[in-house]
Each structure stands twice: as structure tokens, then as C-alpha cells.
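User: I'd like to go through this model and ask what lies behind the labels. Could you take my questions one by one?

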Amino acid sequence: MNADCIFCKIISGAIPAKNIYEDADFIAFHDIKPMAKVHFLIVPKLHVATLQDCNSTHQKLLGNMLLLAPKLAADQGLKGFKTLINTGREGGQEVLHIHMHVFGSGL
Ligand code: AMP
């Protein structure tokens, strides 16, 4: 938990979001500025800033984050989807709490 992190505030419930999934390790919610017909974020509850801050201790978490994508995409009615993990300011990451974008057209 990082008091200055907007995703930590969503995880704690201090800021509302359009949640689509939650378990002990992850939350997923619709992006506030969707760039596709379906655009949601899968966010680990553990505050890790970027993929560059991950190491072997995060292996299971990262694997489980990937495995959630097809499950949640199917829940959203998608038959296929794109994923994106922006990493670091140079990588276009605005929110420094690791997350995966999932985009789908629903076609
Ligand atoms: P990134 O550039 O990979 O860090 O993406 C951060 C994403 O978080 C952007 O697509 C934002 O639109 C999204 N975002 C920021 N604040 C919120 C929020 N309160 N609820 C939902 N999505 C958000």
C-alpha cells in the first residue's frame, strides 16, 4: 500500500472504480479513459511500481496476472484481445503501480 498511489486507493476502496473482478491478489476495473470498446486493467494488490522493479519473487504474481487476462476477457464477451504493460516513464507508464491493460473490440 502506497498512500500516494491512485491504484492503491482503488484497491482500498478509497476511490471508486468500475470493478469487474477481485480476489486476494488482484483487482480489475474498466479504464476511466477507454481506448477500445472494452478496456480494463488488471492490477496486483501488491504495490510494485513497474515491471522493472520485479524479480523472481514476483514470478507467480506475474504469471497469475497473465492467466487472468483470458478469463476476464471471456467474462467481458471477448473472443480475442490485446494486452499492454507500459513500463516506466519512458515506456509511457502514467500510474506507477504495475498493471496490465486488456483491450478488445468485441467483434
Ligand atoms: P499507464 O499509462 O499504463 O500507467 O495507464 C494508466 C491507465 O490508468 C490509463 O489508461 C488511465 O486512463 C487509467 N486510470 C487512471 N486513473 C484511473 C481511475 N481512477 N480509474 C480507472 N482507470 C484509471
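User: How do the residues of the lining of the largest pocket divide into nonpolar, polar and charged?

Analyst: This is a predicted model, to start with. The lining splits into 14 nonpolar, 7 polar and 5 charged residues. The pocket holds about 630 Å³ of space, and Phe7, Asp31, Ile32, Lys33 and Leu41 are the lining residues nearest its centre.

User: Which element gives the most to that lining?

Analyst: Helix 1, with 3 residues. Strand 2, strand 3 and strand 5 are also among the elements giving two or more.

User: Why does leucine 51 count as partly exposed?

Analyst: Its relative accessibility is 33%. Buried would need under 20% and exposed over 50%, so leucine 51, at 33%, lands in between and counts as partly exposed. It sits in the loop between strand 3 and helix 2, and its contacts beyond four places in sequence are Leu62, Ile85, Thr87 and Ile98.

User: What makes strand 1 and strand 2 a pair?

Analyst: Pairing takes at least two bridges, and 3 bridges join strand 1 to strand 2, so they qualify. The two run antiparallel. Tyrosine 21, for one, has alanine 28 in strand 2 as its bridge partner.

User: And which strands are the edge strands of the sheet?

Analyst: The open sheet has 5 strands in the order 1-2-3-5-4, with antiparallel pairing. Strand 1 and strand 4 are the edges, because each pairs on one side only. Helix 2 lies across strands 1, 2, 3, 4 and 5, at about 150° to strand 3.

Terms used:
Residues numbered from 1 in each chain as written. Predicted model: local features only at pLDDT ≥ 70, side-chain atom pairs only at ≥ 80, totals over all residues. Heavy atoms only, no water. 1 Å grid on protein atoms, 1.4 Å probe; cavity = no way out; pocket = protein on both sides within 12 Å on 5 of 7 lines; lining within 4 Å. Points joined across faces, edges and corners; volume = space filled by probe spheres on them. Helix = DSSP H or I, 4+ residues; strand = E, 2+ residues; numbered from the N terminus. Nonpolar A, V, L, I, M, F, W, Y, C, P; charged D, E, K, R; others polar. Buried < 20%, exposed > 50% of the residue type's maximum accessible area, 1.4 Å probe, protein only. Contact = heavy atoms within 4.5 Å. Axes fitted to C-alpha atoms, helices over the stretch in contact; angles between N-to-C directions.
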